[in-house]
Amino acid sequence: MPQWVKFGCRLRRSRENRGGYILSEDSFDPRAVRLSKLEALRARGVNPYEPTNFKATVLSGEVHDHFAEWDGKLVRMAGRVMAIRTHGRAMFLDLVDQQGKIQCHLREDVVGEAAFELTEFMDLGDILGVEGTVFKTRRGEITVEVRHYQFLSKSLQDLPDKRHGLTNVDLRYRQRYVDLLVNPEVREVFSIRTRTLTFIRRFLAERDFVEMETPVLLPIAGGTEARPFVTHHNALDMTLYLRIALELHLKRLIVGGFDRVYEIGRVFRNEGISTRHNPEFTMLELYQAYTDYQGMMELVESLLSYLVHQIKGSLQFEYQGQRLDFTPPFDRVDMVERLFEKTGVRWESIVSTQDAHRLARDLGVAVDSRFDRTQVMDKITGQVVEPDLVQPTFLWHHPVDISPLAKRDPKALNLAERFELFVAGHELANAFSELNDPLDQRERFLRQQEQRRQGNEEVPPLDEDFLNALEHGMPPTGGLGVGIDRLVMLLTNSSSIRDVILFPTMRPLTPGSTFES
RNA sequence: GGGCCAUUAGCUCAGUUGGUUAGAGCAUCCGCCUUUUAAGCGGAGUGUCGAAGGUUCGAAUCCUUCAUGGCCCA
């Protein structure tokens, strides 16, 4: 049985003692006021932190959706007090649970004088359990006429402004719990995020993919080019790196005989922070044996149109002022041809680093002077070709020299069977026919090592064990990587990756802590 | 890494050309109010103006450095 607020004796305050629970010195310090109220409750035998559970019989959404069924019924509900409107010997509360708001009405003559007295010590943000009957007010609001109520927790901190919510961006990220509490649209973003992941898993399960978990801590972080985070294992006394991709281990599983594998996992790249980059982010990578990049195109078209339809209810939606259409098939653009159309220059004609830098200068593309030919060309493509790809578009046929893990096109050996999917000018997915020729793979790794020796810290060291896996024979395989954060940005119309990551990486306000009061 | 901008009450924000005691709404506190809902009515302003220096008779305001964040570029 719940310990309802109930008292054996009356607690009528004497006139001269009114407000006596407040320390006059600190009467405007919100936390001190709330601590005083907590003490006042405890002094009256009510410890709001004592209850260990509360069995609600219904959630707010259900009562709103099926009022006719609940009208006049006794309900038990729990939630956070988000508004208090006192009305003399009665009061209205907005109680918010996981489904939304339910208004509660407390009347002194119903809850009892002693229990009503304790509402004096109730604040916005407190957690309450209530029991009462459902009715509709004169103004038509579905409301619980509370017979009993119970403090389930007390809030010692003020909530942000009820009209504007919390808009300070820094504080929103640092204190996401407050952001979630007062900004319902933020809860909706993360609800879409979790639903997206559920739908992805459902979609892949229906196609016989199995979800795998590969290591985060690695002696060699490979699978792409990026600077890794470095850490240290004490017992082994060895340097370990946080993974920068899932690729090489999932392909080991393909070698091992799991023909359809995927992982949705956090990867870590030690690079700058921007509206599109967080040092840790979530990737979906999947590998399917006996298919190729064409198979991956069909798969990602189906996956994305399925997700968009599930989340948006339509294949068209608005993102940052642009109308996007995810109806398959998506456009296909040959990367080298499009570069030629845009610049009049063929990729193959740029053979030296000097040529590449000259082209960049001619096109007005700013590049790091230390970049080599492929890095410059990659940058040029990023500036010249990619921003125009607003509707979902496969940019395909990448040069092999920027695709070290992809198969060559048998009809054009310097081009790879690869595509990147662009939406709203940004890369959303990357896929290729996976290179399974261990000798070609070794050669490409060795060529990369040359760059590494020249000081390119983004190139991973040669992974001998991965080559050993390939030498055991990997079936022809299609592989796909999808940036989950960017996908969720699209689905939630977010312009910053930090809006779709619950706790984005932030510099602590004081060394060693993440909070400063 | 570079440029621009921001930082004022618990929250959201004003604050003029450097000028007396730094303001508003919400929240808070006090009083009234038993179907309100941005409840209402009456009263109270709670502050190290991000930090540290500097200029000045005088700084929230001007200068320098630093801190944190945002946007743009790299």
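A phosphate oxygen of RNA strand B sits 3.0 Å from a polar backbone atom of Asn 168 in this predicted model, and I count that as a polar contact, meaning a pair of N or O atoms within 3.5 Å, where within protein one must be able to donate a hydrogen and the other to accept it, and residues adjacent in sequence count only if both atoms are side-chain atoms. Elements that give two or more residues to the surface near RNA strand B are α1 (30-43), β1 (74-86), β2 (90-97), β3 (100-107) and α6 (169-174), and α6 gives the most, with 4 residues. Near, here, means that a heavy atom of the residue lies within 4 Å of the strand, while helices (H or I, at least four residues) and strands (E, at least two) are DSSP runs numbered from the N terminus.

On the RNA side, 65% of the atoms within 4 Å of the protein belong to sugar or phosphate, and the rest to bases.

A word on conventions. Residues are numbered from 1 along each chain as its sequence is written, and chains are lettered from A and ligands numbered from 1 in the order in which they are written. Because this is a predicted model, local features need pLDDT of at least 70 and side-chain atom pairs count only at pLDDT 80 or more, whereas totals for chains, interfaces and linings use all residues, and side-chain values use heavy atoms, with hydrogens and water left out.

As for confidence, chain A averages a pLDDT of 89, with 93% of the residues scoring at least 70; pLDDT is the predictor's confidence in each residue, from 0 to 100. Over residues 1-26 the pLDDT is below 50, and beyond near neighbours in sequence this stretch has 44 contacts in the model, a contact being heavy atoms within 4.5 Å. Residues 511-517 also have a pLDDT below 50, with 6 such contacts. Where pLDDT is low, the predicted coordinates should not be read in detail. For the complex, the predictor gives an ipTM of 0.86 and a pTM of 0.89.

Finally, two details of the backbone. The peptide bond from Pro 328 to Pro 329 is cis, with omega near -5°, and Pro 329 lies in the loop between β13 (322-325) and β14 (331-334). Gln 320, in the loop between β12 (316-319) and β13, has a phi near 50°, which is a positive value in a residue other than glycine.
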